[in-house]
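Reader: I'm new to this one. Could you walk me through its disulfides?

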Amino acid sequence: MSRLNPLRLIVPAALVVVAACQDTITPTAPVAARVTPSAYAPQQVQRWFDLMAREGLALPGTVLADYDETTNRVVVGVEHAAARANMRALAARLGVPAEVLVIRQMEPIRLVQTLRDRVDPRIGGIQIHFGNFLCSMGFNAVDGGQASFVTASHCTDKQGGVEGTVYYQPLQSVDGVSIGTEVEDPPYLRNIAGCPHGKKCRHSDASRAAYNTGINSALGQLAKTAASSPNTGSIDLKGSITLTGADLRDHFSIGETINKVGRTTGWTQGTVTATCATVNVSGSNITQICQTIVENSVQIVGAGDSGSPVYTSGNALAGVLWGGNSSGTLLVFSPLKNVEDELGPLQVTP
């Protein structure tokens, strides 16, 4: 199993334009007597568009303004009836003929937020940044009254042991105010039960960071992508998933469906193929004891997904993802029971 090295790139958000219906224009005079837009020179209509755009876009409820060269008309998009009335009044004041103006009612256009953007309040599955690396936030938790989040132990400045790793979300260059500091990360030990000769072992690749004062977080919430089905690669954020509770099994059923959400591959899903497996971490002397293996025929994990929350089909929190194979078709997670055995009892839902 190869350890995931987080990515250092961020994908900017994109714009989504939602189509709107066009108003029906009812003739108010015999067609032969009407003045049609073609009666106006395109240069004149363009000037009217400039006027409408400059003043109309400053009015509340205006979505867009456009000069439609194919129909030689000024097109304005508005959110509601009040904005429509304001636009007609503005056109009359500016001397824009009614027959030149087309007003469409449409939804407002917003930036699409992704798992790699700043998300407030903070929820599981979004991007976090520390040092020169990126990982995924696992899940929010309360420990002894302290608001915290859990991520992978190797998503700290040093895997195992507390050195006060400072976290940012999504990037320090985007928001220079840190969101939290590592406070709990048990050391890896030799000669514990089940640990191979010459290896250092733990039962979970998990650490806990305490939120800094003033940082908002939503207990029991994981990021929900815009995808209608798993394994599409979408990282567009569309609300959140509410956890139904904590699944404290350390042995999951072979063939059971398991989900995860992380900053690189979004919402992915596979089936359990090995339970309570002892797993060597490639390129290190670390072994993780009693881990769960999940596989699929398509990619379900990528670099930067380390720390992602893992959950069941019933939306119960199941553990923390920490590794995968090079092709991304296999992921490894530490069961929540193991995480709590090492970090102590955690409140993961309100």
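What follows is a short chat about the disulfides in this predicted model.

Reader: How many disulfides are there?
Author: A disulfide is a covalent bond between the sulfur atoms of two cysteines. Here, sulfur pairs count if they sit within 2.5 Å. By that rule the count comes to three disulfides.

Reader: Which parts does the pair Cys135 and Cys155 tie together, and how many residues apart are they in sequence?
Author: The two are joined with an S to S distance of 2.0 Å. Cys135 lies in strand 8, while Cys155 lies in the loop between strand 10 and strand 11. So the link ties together parts whose separation in sequence is 20 residues.

Reader: Is the link of Cys195 and Cys201 left-handed or right-handed?
Author: Their sulfurs are 2.1 Å apart, and a disulfide joins them. The angle about the S-S bond is 80°. That link is right-handed.

Reader: And what about Cys276 and Cys290: left-handed or right-handed?
Author: A disulfide joins these two as well, with S to S at 2.0 Å. Cys276 is in strand 19 and Cys290 in strand 20, 14 residues apart. The torsion about their S-S bond is about -115°, so this disulfide is left-handed.

Reader: Is Cys276 buried or partly exposed?
Author: Buried means under 20% relative accessible area, and exposed means over 50%. Cys276 has 26% relative accessibility, so the label is partly exposed.

Reader: What is the pairing when the bonded cysteines are numbered in sequence order?
Author: Cys135 goes with Cys155, Cys195 with Cys201, and Cys276 with Cys290. Numbered in sequence order, that gives the pairing 1-2, 3-4, 5-6.

Definitions and conventions. Residues numbered from 1 in each chain as written. Predicted model: local features only at pLDDT ≥ 70, side-chain atom pairs only at ≥ 80, totals over all residues. Heavy atoms only, no water. Helix = DSSP H or I, 4+ residues; strand = E, 2+ residues; numbered from the N terminus. Buried < 20%, exposed > 50% of the residue type's maximum accessible area, 1.4 Å probe, protein only.
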